[in-house]
Amino acid sequence: MHKFETHQGFSRTFQDGKLTLGLGMPLESYSGSFPKMDLKKQIALAKKVEEYGFASLFVRDAPVYDPSFGDVGFLYDPLMFLSYVAAQTEKIALGTASVVTTLRNPLHLAKSAATLDHLSDGRFLFGAATGDRQIEFPTFRVDPENKLALFQESIEVMRTVWGNIEPKIETANVQLTTGDIVPKPLLKDIPVFGTGYSGQTLEWLAAHTDGWLFYAQGINEQRALIERWRAETTTFKPFTQPISLDLSENPREAPKPIQGGFRAGHLFIKDYLSAYENIGVNHIIFGLKAGKRPADEVIQELGEYVVPHFPAYT
């Protein structure tokens with residue numbers, strides 16, 4: 001039995017040898033740095049996404065807006081926003097892709113994540129990252145040379161806090177010698193996913209995380225990477241990747257590359273997804289920012305013609 005077999009978010013989204021689909025929020029296309037983020041519309045669309053059988057909704061994390069980066073990343077605090085979505089949905093998995101753990105105290109983060117785990121009834125998937133915007137580190141007075149060690153510390157501290165009563169923890173940034181961090185997650189653990197390499201070795205990620213969020217790349221490169229990942233993991237640890245999508249109104253339109261993904265009709269998308277399922281990709285998160293069509297149209301078309309071939313499990 002997999003340790004997260006009864007975790008609602010994990011069991012809905014991941015199964016060995018199968019592929020499911022998710023969407024990144026905000027559920028809208030936009031140009032420039034800032035989305036509109038009409039909250040009522042976002043929640044209405046999130047409910048539609050759930051009804052159509054998508055497995056997940058994911059949000060990004062950008063603690064500081066960097067105007068030179070060209071994209072705010074996500075407007076709201078990811079864990080607070082997912083709590084808002086959790087209160088108005090029932091089954092869909094809710095994930096971060098990914099929380100910048102290096103800029104947060106791991107005890108605060110452990111408490112926030114466990115809170116979201118309770119508020120969502122066990123639907124939270126915790127993507128973790130080291131951060132990729134250079135202004136963040138001096139802003140928080142964090143030495144970027146330490147971010148790889150901080151990433152390891154965050155995951156190890158959170159796991160210890162989640163799984164133990166009144167643990168004793170002494171690390172570079174934590175001295176928990178009395179008291180406790182509550183609540184504990186429903187299963188005394190939360191699925192944690194590394195993002196890219198996060199400066200770690202593949203062996204460390206395979207040993208200390210529950211799955212891998214990796215960037216989109218060609219099918220041959222992705223196949224080789226997944227084979228290496230499977231060779232290092234002794235239990236099923238899913239492989240997830242994002243894709244930027246511009247869905248054509250013509251279902252037969254051939255693919256054209258865009259940054260981080262492609263423009264195509266839904267017939268190609270089905271074939272594309274089948275190919276990536278065959279090489280071992282377990283979950284794909286579509287991003288809609290680069291699209292030309294309204295998000296509700298895209299969600300409906302994917303929900304009617306694509307998702308039934310790659311449905312969520314619960």
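I began with F14, which is buried at a relative accessible area of 6%. A reminder to myself before going on: this is a predicted model. I then looked up F193, and F193 is buried too, with a relative accessible area of 2%.

**Entry: aromatic pairs**

How many aromatic pairs does a search of the whole structure find? My search returned 22 aromatic pairs. I picked out F14 and F193, which make a tilted pair with 5.5 Å from centre to centre and 40° between the planes. I wanted to know what this pair ties together. F14 sits in the loop between α1 (8-13) and β1 (20-24), while F193 belongs to strand β7 (residues 192-195), so the pair links parts that are 179 residues apart in sequence.

Next I turned to W212 and W229, also an aromatic pair of the tilted kind, with 5.0 Å centre to centre and 35° between the planes. W212 is in strand β8 (residues 211-213) and W229 is in helix α8 (residues 219-232), so this pair ties together parts 17 residues apart in sequence.

Which residues do ring pairs link into a cluster with W212 and W229? I noted Y197, F214, Y215 and F239 as the other names in that cluster.

**Entry: a charge over a ring**

I looked at F69 and found R133 over the face of its ring, 3.8 Å from the ring centre.

**Entry: cis peptide bonds**

I went through the backbone and stopped at M25 and P26, which are joined by a cis peptide bond with omega of about 10°. P26 is in the loop between β1 and α2 (39-51). I also wrote down the bond from A97 to S98, which is cis with omega near 5°. I placed S98 in strand β3 (residues 93-100).

**Entry: positive phi**

I noted R141, a residue other than glycine with a positive phi, near 55°. R141 is found in the loop between α5 (136-139) and α6 (147-163). S198 is not a glycine either, and I read a positive phi of about 50° there. I located S198 in the loop between β7 and α7 (202-208).

Is R141 buried or exposed? I looked up its relative accessibility, and at 80% R141 counts as exposed. S198, at 7% relative accessibility, counts as buried.

Conventions
Residues are numbered from 1 along each chain as its sequence is written. This is a predicted model: local features need pLDDT of at least 70, side-chain atom pairs count only at pLDDT 80 or more; totals for chains, interfaces and linings use all residues. Side-chain values use heavy atoms; hydrogens and water are left out. Rings of Phe, Tyr and Trp (its six-membered ring) pair if their centres lie within 6.5 Å; planes under 30 degrees apart count as stacked, over 60 as edge-to-face and the rest as tilted. Helices (H or I, at least four residues) and strands (E, at least two) are DSSP runs, numbered from the N terminus. Buried means under 20% relative accessible area, exposed over 50%, partly exposed in between (1.4 Å probe, protein chains only). A charge sits over a ring if NZ of Lys or CZ of Arg is within 6 Å of the ring centre and within 35 degrees of the ring normal.
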